[in-house]
Amino acid sequence: MVWTLAKIASEIGAQLVGNADKVITGVGTLQNAKDTDISFLANTKYRQYLKSTSAGCVIVSSADLAEVNTNALVIDDTYVAYAKAASLLYPDEQPDTGIHSSAVIGQSCHIADSARIAAQVYIGSNVKIGHNVIIGPGCIIENDVEIGADTRLMSNVTLCRKVQIGGRVRIHPGVVIGADGFGIANDNGKWLKIPQVGKVIIGNDVEIGANTTIDRGAIDDTIISDGVKLDNQIQIGHNVFIGEHTVVAGCVGISGSTRIGAHCAIGGGTGIAGHIEITDGVQLTGMSMVTKSILTAGTYSSGIPVEPTREWHRNVIRYRQLDKLNDKLKQLEAKLK
């Protein structure tokens, strides 16, 4: 499809300033965009490139319009507008229809005629696959799994038994959903495995990044609510609940039976202990360590930001001396009394 600025402006709800018939074929940064690309300004750090950009159009707010020397699409939230424009220009590729001859499908499955199943896919028994579902090559779908309409599994995704996936979900390569949680009991120094009998339930409009793992519940289910976005290489333990429209960045570890509210944002590398609660609207900056419940919305941080090694060594030494300094302070206070 040919996308003119007039069509893009109409689709994303922006005001067009310039040539309505200008054809756009791609996207680019302000520094490197070509004449047929569309770019955007969402971070003031890049405002310096507005006047010199070669982009065929720039998405800007009204406050920055005067700096633009090319066509412009004017809108308040430029980043969201760019996301919508990029989606128009780069629609998902659609694989061949039907079921590949190398796919293995178990008994009593219900697979919609519009579903697309690629090569080397294994599907167990009693599986339900909805309309327009796309199953990429090498995926494994175990018994009693349900997948909602318009969901897409990229290559080599594993859905273990009884997992339930909602509609319009996108699951990237290497994801494993529904493996056993880390449930063990110490029997006089020996570890006994505890059967994990719960499910994983994924809501609608969820995205799960590459090589993320979501464990099944030990007894109750692990639940990922509607609109949640998970980055790559996240570990979610058994019985975790994540509320609607929460986003989690890469390499986060969430221990079992933790409950995270809606509209939270969890920075990369954060570690969250088990059996705690995080309320709605909490933002955790990267590398935070959460060991107790957070019951008030807001932004939270922990850890020591990077600094020159010599300064870091001095601060560590001072940290180790805090107990002695505290004792001396108490002694001085006692003398003053």
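These legends describe close-up views of one predicted model. Residues are numbered from 1 along each chain as its sequence is written, and side-chain values use heavy atoms, with hydrogens and water left out. In this predicted model, local features need pLDDT of at least 70 and side-chain atom pairs count only at pLDDT 80 or more, while totals for chains, interfaces and linings use all residues.

**View 1. Lys 22 and Asp 35 form a salt bridge.** A salt bridge is a side-chain nitrogen of Lys or Arg within 4 Å of a carboxyl oxygen of Asp or Glu. Here the N to O distance is 2.6 Å. Lys 22 lies in the loop between β2 (15-17) and β3 (23-24), and Asp 35 in the loop between β4 (26-27) and β5 (37-40), so the pair ties together parts 13 residues apart in sequence. Strands are DSSP runs (E, at least two residues), numbered from the N terminus. Lys 22 is buried, at 14% relative accessible area. Asp 35 is partly exposed, at 47%. Buried means under 20% relative accessible area, exposed over 50%, and partly exposed in between (1.4 Å probe, protein chains only).

**View 2. Arg 47 pairs with Asp 64 in a salt bridge.** Their closest N and O atoms are 2.8 Å apart. Arg 47 sits in the loop between β5 and β6 (57-60), and Asp 64 in the loop between β6 and β7 (71-74), so the bridge ties together parts 17 residues apart in sequence. Arg 47 is partly exposed, at 35% relative accessibility. Asp 64 is buried, with a value of 8%.

**View 3. Glu 67 forms a salt bridge with Lys 51.** The closest N and O atoms lie 3.7 Å apart. Glu 67 is in the loop between β6 and β7, Lys 51 in the loop between β5 and β6, and the two are 16 residues apart. Glu 67 is partly exposed, at 29% relative accessibility.

**View 4. Asp 180, Lys 193 and Arg 216 belong to one network.** Salt bridges that share partners join these residues. The whole structure has nine salt bridges.

**View 5. The largest pocket holds about 340 Å³ of space.** Among its 16 lining residues, the closest to the centre are Asp 92, Asp 150, Arg 168, Val 169 and Arg 170. A pocket is an open set of points on a 1 Å grid over the protein atoms alone, where a 1.4 Å probe fits, with protein on both sides within 12 Å along at least five of seven lines; lining residues have an atom within 4 Å of a point. Volume is the space filled by probe spheres set on the points, which are joined across faces, edges and corners.

Key: Helices (H or I, at least four residues) and strands (E, at least two) are DSSP runs, numbered from the N terminus.
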